[in-house]
Amino acid sequence: MQFDTVTFWLFFAVAWAVWRFLPLRAAKVGTLALSLVFYAWWRPEYLLLIWLSSFADYQLARRIHATDDTRGRNRWLSLSLVLNLGLLAFFKYTPLVAETLGLGRKGGDAGQPEWLANWIVPVGISFYTFQTLSYTIDVHARRIEPCRTFLDFFLFVS
C-alpha cells in the first residue's frame with residue numbers, strides 16, 4: 001500500500017477513527033488488526049515471522065523478569081539474541097552466503113537458482129528485530145517491567 005494512494009488515506013482514516021473513538025481495549029485490538037492488515041498488504045506470509053519474533057521475546061522477557069538467578073537471566077537473554085539475530089541474519093544474508101558459496105549467479109541470471117532469484121527480505125525485519133531485542137535487553141537490565149499482556153506487546157511491535 002503506497003502512501004500517496006486513496007486506499008492508504010482511507011485506511012489511515014479508519015485506523016485513526018478506531019483509535020480515537022473506540023474504548024481502549026477495542027481500540028487496541030482494532031489497531032493491532034489494522035497494523036497486521038497493513039503489514040500483510042505487502043506479503044501475508046511474513047505475518048508469521050513478525051508474530052514469532054514478538055511472541056518469543058514476550059515470553060523470554062517474562063522468564064527473564066521472573067528469574068532472580070543471573071545465569072538463568074543471561075541464558076534467556078542469550079536465547080533471545082540467538083533467535084532474533086539468527087532470523088535477521090538468515091533473511092538478510094542468505095543471498096550473499098549463497099553467492100559466496102557458488103550457489104548464486106554464474107554468468108548472469110541464467111545460472112541463478114529460482115529460490116535465490118525470488119529472495120525477498122521481509123519489510124521492517126531489522127526494525128522490529130531490534131525493537132523486540134531492545135525490549136528484552138531492557139527487561140534484563142531491569143530498566144522496565146515486562147508487558148502484562150501479549151496484546152500490548154504485539155501492538156507495540158506492529
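User: Why are helix 3 and helix 7 called oblique to each other?

Analyst: Helix 3 and helix 7 are oblique because of their angle, since angles under 35 degrees count as roughly parallel, over 145 as roughly antiparallel, 65 to 115 as roughly perpendicular and the rest as oblique. Helix 3 (residues 47-66) packs against helix 7 at about 130°, with the axes 10 Å apart; the axes are lines fitted to C-alpha atoms, for helices over the stretch in contact, and angles run from 0 to 180 degrees between N-to-C directions. The helices themselves are DSSP runs (H or I, at least four residues), as strands are (E, at least two), numbered from the N terminus. Please keep in mind that this is a predicted model, in which local features need pLDDT of at least 70 and side-chain atom pairs count only at pLDDT 80 or more, while totals for chains, interfaces and linings use all residues. Residues are numbered from 1 along each chain as its sequence is written, and side-chain values use heavy atoms, with hydrogens and water left out.

User: What makes the crossing of helix 3 and helix 7 left-handed or right-handed?

Analyst: A crossing is left-handed if the near helix is turned anticlockwise from the far one by less than a right angle, and right-handed if clockwise; the crossing of helix 3 and helix 7 is right-handed. Contact, meaning heavy atoms within 4.5 Å, is made by I50, W51, S54, F55, D57 and Y58 of helix 3 with F150, F153, F154 and V157 of helix 7.

User: How do you know which class the residues of this contact belong to?

Analyst: Ala, Val, Leu, Ile, Met, Phe, Trp, Tyr, Cys and Pro count as nonpolar, Asp, Glu, Lys and Arg as charged, and the others, Gly among them, as polar. On that basis the contact of helix 3 with helix 7 divides into 8 nonpolar, 1 polar and 1 charged.

User: Why are helix 2 and helix 7 described as oblique?

Analyst: The axes of helix 2 and helix 7 (residues 150-157) come within 10 Å and cross at roughly 45°, and the two helices are therefore oblique to each other. Helix 2 passes helix 7 in a left-handed crossing.

User: What makes helix 6 oblique to helix 7?

Analyst: Helix 6 and helix 7 pack at an angle of about 135°, with their axes 10 Å apart, and that makes helix 6 oblique to helix 7. Here Y128, Q131, T132 and Y135 in helix 6 meet F153, F156 and V157 in helix 7, a contact with 5 nonpolar, 2 polar and no charged residues.
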